[in-house]
Amino acid sequence: MIPTTIDAARLLGALADLGRIGLDADGRRTRLAATDADRAGRDVFVARLEAAGLAVTVDRIGNIFGLWATEENAAEPPLLLGSHIDTVVNAGPLDGCYGVLAALEVIETLKEAGARPARPIAVAAFTDEEGARFAPDMLGSLVFAGGMALDEALAAVATDGARLGDELARIGYAGTVEPGHIRPAAYVELHIEQGPVLEREGFRIGAVENLQGISWQRVTITGQANHAGTTPMSMRRDAGLAAARTVAFLAERANQSNTPTVATVGRMSFAPDVINVVPARATFTVDLRDPDETRLREEEAAFAAQLAALEAEGFTVATEQLARFEPVVFDAGLVAAIEHAARARGLAVRRITSGAGHDAQMVARLCPGAMIFVPSIGGISHNPREATADADLVAGAEVLLDVAVRLAGIA
Ligand code: GLV
Ligand code: MN
Ligand code: MN
């Protein structure tokens, strides 16, 4: 018999358990990639995979896989489901974890029902999806998909100066299997929307048809340190002010563009960082996104022109590209299958563009890929208040179940 419901209490319990891992002294949930807190989260996840009777492998970039294969289907390429369990700083409990734990729940449900899939089903938890500690984001899935050399990825340097390869070894997750050992037949990632669209428009499910391009840069503007009391405004080369003007330039341009372009400066530091010294140096990150590659390039060019104008004023400007991913269009057949599964359950569904980066955009290089979104309450994410109604979490997992039944060939 083909199951039509998952074990809601088990899924919600698993999310709560993982969500308790990595709370710091102030109660903030932070499991940055390859930290001790990430190790604790990984250990909990691996214990669940083992308890479910899955074959666990860890590849050399630390991606974790749990595979359910039978004697009859072991030679077939598996259906891969998954996401990530690393977090940003002061994160919510659902980003990534929902997709990983719902994938495991789907496999357990099918296994317990005695289903006999024509192909294996695997769940993946990819390393450093967030990119909050090691750039670029989606690093583990990028390496898995062959988009970045393993050695280059292992040499990635953290915001705290550590090397990814060393950190994976230290936490016991520098696996031995070569990345890409699983060649999936298809990849489906379930995720919270992390934006306001589904809730605002009253939809229960998003069938994600594309994902916007992402450009990350680190910018350093150098001016001249000087006395804050004695230096007339007209005689300053204030790197802090130049950085502030750049932030305003990006926001105003995005606001006035009447396009989906978004621009964010999420980190900034000044040197020497002293109250009565005109900043000599400002270092900040820029996150630019747009679903249209041509427009994203135009935004990058406009930003470069703004930096060139600062150089003409006498500042020195250095930039470093931390991540650059083109927009991705997901597999039309899979998107239609997700829509169909949602409608068959009577769930209001719409097609949607992902504003966030996801492992699916990397794995889609290897095989047909797509994503399922569920609503985020208040459109809030990357924030401890990130939440989704339990009924929506369960509905999303059951749509994933139906899609998996179809893609894994369960009759
Ligand atoms: C990942 O969460 C991203 O979109 O930055
Ligand atoms: Mn995520
Ligand atoms: Mn995230």
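Reader: Is F126 buried or exposed?
Author: F126 is buried, because its relative accessibility is 2%. Keep in mind that this is a predicted model.

Reader: Which aromatic pair do F126 and Y187 form?
Author: An edge-to-face one. The centres are 6.2 Å apart, with 65 degrees between the planes.

Reader: Where do F126 and Y187 lie?
Author: F126 is in strand β4 and Y187 is in strand β5 (residues 186-192), so the pair ties together parts 61 residues apart in sequence. Y187 is buried too, at a relative accessible area of 0%.

Reader: How many aromatic pairs are there in the whole structure?
Author: A search finds 4. One of them joins F65 and F126: the ring centres are 6.1 Å apart and the planes are at 90 degrees, so this pair is edge-to-face. Ring pairs link F65, F126, F144 and Y187 into a cluster.

Reader: Switching topic. What sits over the ring of Y173?
Author: The charged end of R42, 5.0 Å from the ring centre.

Reader: Now helix α8. Which of its residues are buried?
Author: A239, G240, A242, A243, T246, L250 and A254.

Reader: What covers the buried residues of α8?
Author: The cover includes β7 (213-222), β12 (281-290) and α9 (293-312). β9 (262-264) and β10 (268-271) are also part of it.

Reader: What happens at the start of α8?
Author: A side-chain oxygen of D238 reaches to within 2.9 Å of the backbone nitrogen of G240.

Reader: And what follows α8?
Author: N258, with a positive phi near 60 degrees.

Notes:
Residues are numbered from 1 along each chain as its sequence is written. Chains are lettered from A and ligands numbered from 1 in the order in which they are written. This is a predicted model: local features need pLDDT of at least 70, side-chain atom pairs count only at pLDDT 80 or more; totals for chains, interfaces and linings use all residues. Side-chain values use heavy atoms; hydrogens and water are left out. Buried means under 20% relative accessible area, exposed over 50%, partly exposed in between (1.4 Å probe, protein chains only). Helices (H or I, at least four residues) and strands (E, at least two) are DSSP runs, numbered from the N terminus. Contact means heavy atoms within 4.5 Å. A polar contact is a pair of N or O atoms within 3.5 Å; within protein, one must be able to donate a hydrogen and the other to accept it, and residues adjacent in sequence count only if both atoms are side-chain atoms. Rings of Phe, Tyr and Trp (its six-membered ring) pair if their centres lie within 6.5 Å; planes under 30 degrees apart count as stacked, over 60 as edge-to-face and the rest as tilted. A charge sits over a ring if NZ of Lys or CZ of Arg is within 6 Å of the ring centre and within 35 degrees of the ring normal.
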